[in-house]
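These are my notes from looking through one structure. I wrote down each thing as I looked it up.

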Amino acid sequence: MPTRRRALAVLLLLLLLVAASLVVGLAAGTLPVSTADLLSLVGGEGGGMGAEVVRSLRLPRVLGAFACGGLLALAGALMQVLLRNPLADPYVLGISGGAAVGALSAMLLGFSLMGLNLLAFGGALGAMLLVFGLAHGDSSWTQTRLLLTGVIIAAGCGAVVALILSITPEQKLHGMLFWLMGDAGQILRPEPALAALAVGLACAMPFARELNLLARGATLASSLGVAVPRLRSLIYLLASLLTAFAVTTAGSIGFIGLVVPHLLRLALGNDQRLLLPAATLAGGALLVLADTLARTVVAPQQLPVGVLTALIGVPIFLFLLARQPAAKP
């Protein structure tokens, strides 16, 4: 099968997976809704309790979960190419830690949802600028330097989060902990995250060819005309912004950005022209299904979706780590 036909077939299968995950997410719950009724309810027809649950609660939640999963997977795919490390993850670079500091500070101070979102986004951007500024240093940086700087900033953010939790009144503590573990149930307006996902993918795709060259080494990419320092800066900025949007929308949800791009790379190869949109679709579908499971497995009680993604991601990560060959000197 020609490469283009194969790519189209893969994307079509992933689109069907996304559609199936959205249907499952809308239909499942303590008030089940038949698949036959979903289209009419989503389209605005019909009324009653089922219509209210589907339109007001489940539809924003599943669309927001899809957007956040896509954002995290796309950011992970970009970071893995940038660092030339298939086990890299945007969370390692401290961006989610910065968002957590901002969001928990807003909760502690009693800010509104808008204030929480603004502080979380500001914390993520602040962590991004701090990591990039420290790693850049003398106008040059390496993948190892960036990674180590991110780990240090993430550890510092973790310490600040622990401090905030230690001084938080008990009545606010549960909500903070739930947010830290990832919570798609608070998504009321998925439109900003969906717009960020569309814009992010549109911005990343024109660089797919250059990313393919960068994946083979900075020296080769430079010799073929790629402006490597500029490309690295743009990709890091884009991946950081995507992660910031996801964390601001649904809290800290781990392993989506690590596991999804890596598994797809093993299955489909390392062509970013296919990998980037495939990771976006697969990450969105995975988070929708994980969130559906989180709110139904012990219904009516709901679990933080980040707990389930960690339970899924940790064994997969350990398996991938065991298969990862030792780094060459």
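**Helix H4**

I began with how well H4 is covered, and I found that 12 of its 15 residues are buried. The model is a predicted one, and I kept that in mind for every entry. The buried residues of H4 include Ile-95, Val-101, Leu-104 and Met-107. Glycines are on that list too, among them Gly-97, Gly-98 and Gly-102.

Next I looked up the length of the helix. H4 covers residues 95-109 and reaches 22 Å from its first C-alpha to its last, close to the 21 Å expected at 1.5 Å a residue. Then I looked at what follows H4: Gly-110 has a positive phi, near 75°.

Just after H11 I found Gly-251 with a positive phi of about 85°.

Which residue has a positive phi although it is not a glycine? I noted Phe-255, with a phi of about 75°. Phe-255 is found in the loop between H11 and helix H12 (256-268).

**Salt bridges**

How many salt bridges does a search of the whole structure find? It finds three, and I took them one by one.

Arg-61 forms a salt bridge with Asp-291, and the closest N and O atoms are 2.7 Å apart. Arg-61 lies in helix H3 and Asp-291 in helix H13 (residues 272-296), so this pair ties together parts that are 230 residues apart in sequence. I checked both partners for burial. Arg-61 is buried at a relative accessible area of 8%, and Asp-291 is buried at 2%.

Arg-189 forms a salt bridge with Glu-191, with the closest N and O atoms 3.9 Å apart. The cut-off is 4 Å, so this pair counts. Arg-189 is exposed at 61% relative accessibility, while Glu-191 is partly exposed at 45%.

Asp-271 and Arg-273 meet through their side chains in a salt bridge of 2.8 Å, N to O. Asp-271 is partly exposed, with a relative accessible area of 25%, and Arg-273 is exposed at 53%.

**Arg-58, without a salt bridge**

I then turned to Arg-58, which lies in helix H3 (residues 48-83). Is Arg-58 buried or exposed? I found that Arg-58 is buried, yet it has no salt bridge. The nearest side chain of opposite charge is that of Asp-291, 9.5 Å away. A salt bridge needs a nitrogen and an oxygen within 4 Å, so that distance rules the pair out.

What does the side chain of Arg-58 reach? It reaches the backbone oxygen of Ala-27 at 3.3 Å and the backbone oxygen of Ala-28 at 3.4 Å. With neighbours within four places in sequence left aside, Arg-58 is in contact with residues including Gly-25, Thr-30, Val-53 and Arg-295.

**Ala-27**

I followed this up from the side of Ala-27, which lies in helix H1 (residues 3-27). Not counting residues up to four places away in sequence, Ala-27 touches Pro-32, Val-33, Leu-38 and Arg-58. I also looked up one distance: Ala-27 and Val-199 are 172 residues apart in sequence and 29 Å apart in space, C-alpha to C-alpha.

**The nonpolar core**

I looked up the largest nonpolar core, which has 93 residues. Those with the most contacts inside it include Leu-78, Leu-146, Tyr-236 and Leu-276. The largest share of this core comes from H3, with 17 residues.

**Leu-113**

My last entry is Leu-113, which lies in helix H5 (residues 113-136). Leu-113 has 47% relative accessibility, so it counts as partly exposed. Leu-113 and Arg-55 are 58 residues apart in sequence and 21 Å apart in space, C-alpha to C-alpha.

Conventions:
Residues numbered from 1 in each chain as written. Predicted model: local features only at pLDDT ≥ 70, side-chain atom pairs only at ≥ 80, totals over all residues. Heavy atoms only, no water. Helix = DSSP H or I, 4+ residues; strand = E, 2+ residues; numbered from the N terminus. Buried < 20%, exposed > 50% of the residue type's maximum accessible area, 1.4 Å probe, protein only. Lys, Arg positive; Asp, Glu negative; His and termini not counted. Polar contact = N/O pair within 3.5 Å; in protein donor to acceptor, adjacent residues only side chain to side chain. Contact = heavy atoms within 4.5 Å. Core = buried A, V, L, I, M, F, W, Y, C linked by side-chain atoms within 4.5 Å. Expected span 1.5 Å × (residues − 1).
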